[in-house]
Amino acid sequence: MSNVETMFGLKGQTALVTGSSQGIGYALAKGFAQAGAAVIINGRSQDKLDKAAQTLADEGLEVTTLAFDVTDHEAVRYAIDDLEESGTPITILANNAGIQHRSALEDFAESDWNRVIDTNLNSVFHVGQAVARHMIKRKSGKIINTCSLMSELGRASVTPYAASKGGVQMLTRGMCCEWARHGMQINGIAPGYFKTELTSALVEDADFSSWLEHRTPAQRWGDVEELVGTAVFLASPSAGFVNGQVIFVDGGITASL
Ligand code: GCO
């Protein structure tokens, strides 16, 4: 194997990506598979997972599916322990599941607040803890949490989302403080504005797109494939001493006024 493949390849690894039947999670799962990992895609809908797995198979990438609700602590613990006890050690975890809900904060329903926090932040605790308990035993493992430019910057109408992603950034750093001593590397990826199902309403809003293109130094939306290199790097042996870091893949938006 070449030195590059050794440093950046994921051959022999098993990667679980939560929320990966579409969007950023799907792109990360595809990238991990292309880098040589055995990939498990996750979501709540088995039907959506089967469709995503078939699309990947049509491109020669075989993945397995594991449907569970990342907001259900017991269901997560059961799914992860069952996987591990069946002889499938999860060596890479990408905590990617996330939702968006836009509304003025003064009108934001408590149920919508709870849904956003449960899916975007609490799930990282549930799945991270369940997987880490096995990684600690093996004294190795990679966790990559999907943060956001909104881990650092707010925007009116998406404050609960920003609060959740600010929490994921600090949870990432906390996981480093707790688990790096066990041979684990825990880092985050903070996407800027990317064209996905989650942002489709914004992409279709000409005024918003125009504002974004002027606000972003790169003057454009990102494509989800542009997140894959950072994820593969963080999941690879070459990032063995990178810990507690959040890498912003955002066209420069968080670097500028
Ligand atoms: C919004 C968007 C953002 C981004 C997300 C990407 O409504 O402003 O949904 O929240 O999509 O932050 O990381």
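Two strands count as paired if DSSP finds at least two bridges between them. The exercises below apply this to a predicted model.

**Exercise 1. Find which residue of E4 is the bridge partner of leucine 16.**

Step 1. Take strand E1, residues 14–17, and strand E4. They run parallel and are joined by three bridges. The cut-off for pairing is at least two bridges.

Step 2. Look across from leucine 16. Its bridge partner in E4 is leucine 93.

Step 3. Now follow the chain onward.

**Exercise 2. Work out the strand order of the open sheet, and name the strands at its edges.**

Step 1. Write down the order. The seven strands run E3-E2-E1-E4-E5-E6-E7, with parallel pairing.

Step 2. Read off the ends. Strand E3 (64–67) and strand E7 (246–249) each have a single partner strand, so one side of each has no neighbour in the sheet.

Step 3. From one strand to the next it averages 20°.

Step 4. Helix H3 (residues 46–58) lies across strand E2 (38–43) and E3. Its direction makes an angle of about 165° with E3.

**Exercise 3. Trace the bridge partners of asparagine 145 on both sides.**

Step 1. Start with E4 and E5. Four bridges join these parallel strands. Here asparagine 95 stands opposite asparagine 145.

Step 2. Move on to E6. Strand E5 (residues 141–146) pairs with strand E6 (residues 184–191) over six bridges, again in the parallel sense. The partner of asparagine 145 in E6 is glycine 188.

Step 3. Return to E4 (residues 92–95) and check its side chains. Ile92 and Ala94 point one way. Leu93 and Asn95 point the other way. All are buried.

**Exercise 4. Describe the largest nonpolar core and the contacts of phenylalanine 32.**

Step 1. In soluble globular proteins, nonpolar side chains tend to be buried together.

Step 2. Ask where the residues come from. E1, helix H2 (23–34), E2, H3, E4 and helix H9 (228–235) each give at least two. H2 supplies the largest share, seven residues.

Step 3. List contacts of phenylalanine 32 beyond four places in sequence. Among them are Leu10, Val39, Ile92, Ile144 and Val232.

Step 4. Look for another core. A second, separate one holds 29 residues, including Phe68, Val131, Ile143 and Cys147.

**Exercise 5. Decide whether threonine 14 and lysine 137 are buried or exposed.**

Step 1. Use the cut-offs: buried is under 20% relative accessible area, exposed is over 50%.

Step 2. Threonine 14 lies in strand E1. At 13% relative accessibility, threonine 14 is buried. Its contacts, leaving aside neighbours within four places, include Ala38, Ile40, Pro89 and Ile92.

Step 3. Lysine 137 lies in helix H5. At 67%, lysine 137 is exposed.

**Exercise 6. Compare the span of helix H6 with its expected span.**

Step 1. Helix H6 (residues 159–179) has 21 residues.

Step 2. From first C-alpha to last, H6 reaches 30 Å, close to the 30 Å expected at 1.5 Å a residue.

Step 3. Check burial. Tyr161, Val168, Met175 and Trp179 are among the buried residues of H6. Their cover includes H5, E5, E6 and E7.

Note on methods. Residues numbered from 1 in each chain as written. Predicted model: local features only at pLDDT ≥ 70, side-chain atom pairs only at ≥ 80, totals over all residues. Heavy atoms only, no water. Axes fitted to C-alpha atoms, helices over the stretch in contact; angles between N-to-C directions. Contact = heavy atoms within 4.5 Å. Buried < 20%, exposed > 50% of the residue type's maximum accessible area, 1.4 Å probe, protein only. Core = buried A, V, L, I, M, F, W, Y, C linked by side-chain atoms within 4.5 Å. Expected span 1.5 Å × (residues − 1).
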